[in-house]
Amino acid sequence: MTGFQLKLLAMIAMTLDHIGCIFFPRLPLLRMIGRLAMPILCFFIGEGLRHTRNPQKYLLRLVGFALISELPFDLAFYGRVNWASQNVYFTLALGLMALRLLQSSSPRRWAGLLAVGGAALLLRADYGLYGIAMILLLDRFRDSLSEQFASLALLNLLLFGFGMQSLSLLSLPLLCLYNGQRGCDDKKFFYAYYPAHLLLLWGLGSV
């Protein structure tokens, strides 16, 4: 599978998750399917950093869409501006920062990682430290399904026990199908889809 195909699968799972959360909170099936999305998105943060020619521009793009998406995120899930919770783009941007810090030789990188973790807690970004940890683990063990599975299984067990979030592990065999090819030029589509679908769901819920 190409990167485009895997991201498209993640977008579908994410959309079903959000539909379940907003319109059918008592129907667990849609939320269960949605658990597939985040590990795929986290994996492609590492892939994006590996292939980008301008990491700084990549980070700024994530931060920019985090800001663009915040109002749609608040409206879709809270019906109003809510400063107590921030959208997942903030988590992805912080995860990218953490990856860059780990790959650097700066003696201050550990202080930087603590600052990134502190920012995730302060912002209360969607998936927060859990999302950042997934980004780091999926990149660290990208060549070994067994190590990815073991590390994420331990992470889920420590944070959530045997709850629904453990279903996110089912996304790992899908990542094994990744052929290293980008596929269609997806950059504009996937970045714009997140705030656009949230606005659509908010609009539908307001009818």
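Me: Leaving aside its neighbours within four places in sequence, which residues is L49 in contact with?

Reply: Keep in mind that we're looking at a predicted model. In it, L49 is in contact with P55, Y58, L96, L99, R100 and Q103, once those neighbours are set aside. L49 itself is found in helix 3.

Me: Okay, and is L49 buried or exposed?

Reply: You go by the relative accessible area here, and buried means under 20%. L49 has 10%, so it counts as buried.

Me: How far apart are the C-alpha atoms of L49 and S166?

Reply: They're separated by 26 Å, and along the chain the two residues are 117 apart.

Me: Let's move to helices. How do I read the packing of helix 1 and helix 3?

Reply: Two packed helices are described by the angle between their axes and the distance between the axes. Here, helix 1 (residues 3–23) and helix 3 (residues 37–51) pack at about 145°, and their axes are 8 Å apart. The crossing is left-handed.

Me: Which residues make that contact?

Reply: From helix 1, look for G3, L6, K7, A10, M11, A13 and M14; from helix 3, look for A37, I40, L41 and F44. Sorted by class, that's nine nonpolar residues, one polar and one charged.

Me: What span should helix 1 have, going by its number of residues?

Reply: Count 1.5 Å a residue: the 21 residues of helix 1 should span 30 Å, and its end C-alpha atoms are 30 Å apart, so the two agree.

Me: Which residues of helix 1 are buried, and what covers them?

Reply: The buried ones are G3, F4, L6, A10, M11, A13, M14, T15, D17, H18 and G20. What covers them includes helix 2 (28–34), helix 3, helix 4 (55–78), helix 9 (172–175) and helix 10 (187–206).

Me: Now the core. Which residues of the largest nonpolar core touch the most other members?

Reply: Those are I45, L62 and Y89, out of 45 residues in that core. Several elements give two or more residues to it, among them helix 1, helix 5 (88–103), helix 7 (128–140) and helix 8 (145–160). The largest share, nine residues, comes from helix 3.

Me: What does Y89 touch, not counting residues up to four places away in sequence?

Reply: Y89 touches L62, F65, A66, S69, F190, Y191 and Y194. There's also a second, separate core of six residues, which includes L94, L113, V116 and I132.

Technical notes. Residues numbered from 1 in each chain as written. Predicted model: local features only at pLDDT ≥ 70, side-chain atom pairs only at ≥ 80, totals over all residues. Heavy atoms only, no water. Axes fitted to C-alpha atoms, helices over the stretch in contact; angles between N-to-C directions. Helix = DSSP H or I, 4+ residues; strand = E, 2+ residues; numbered from the N terminus. Left-handed = near helix turned anticlockwise from the far one by under 90°. Contact = heavy atoms within 4.5 Å. Nonpolar A, V, L, I, M, F, W, Y, C, P; charged D, E, K, R; others polar. Expected span 1.5 Å × (residues − 1). Buried < 20%, exposed > 50% of the residue type's maximum accessible area, 1.4 Å probe, protein only. Core = buried A, V, L, I, M, F, W, Y, C linked by side-chain atoms within 4.5 Å.
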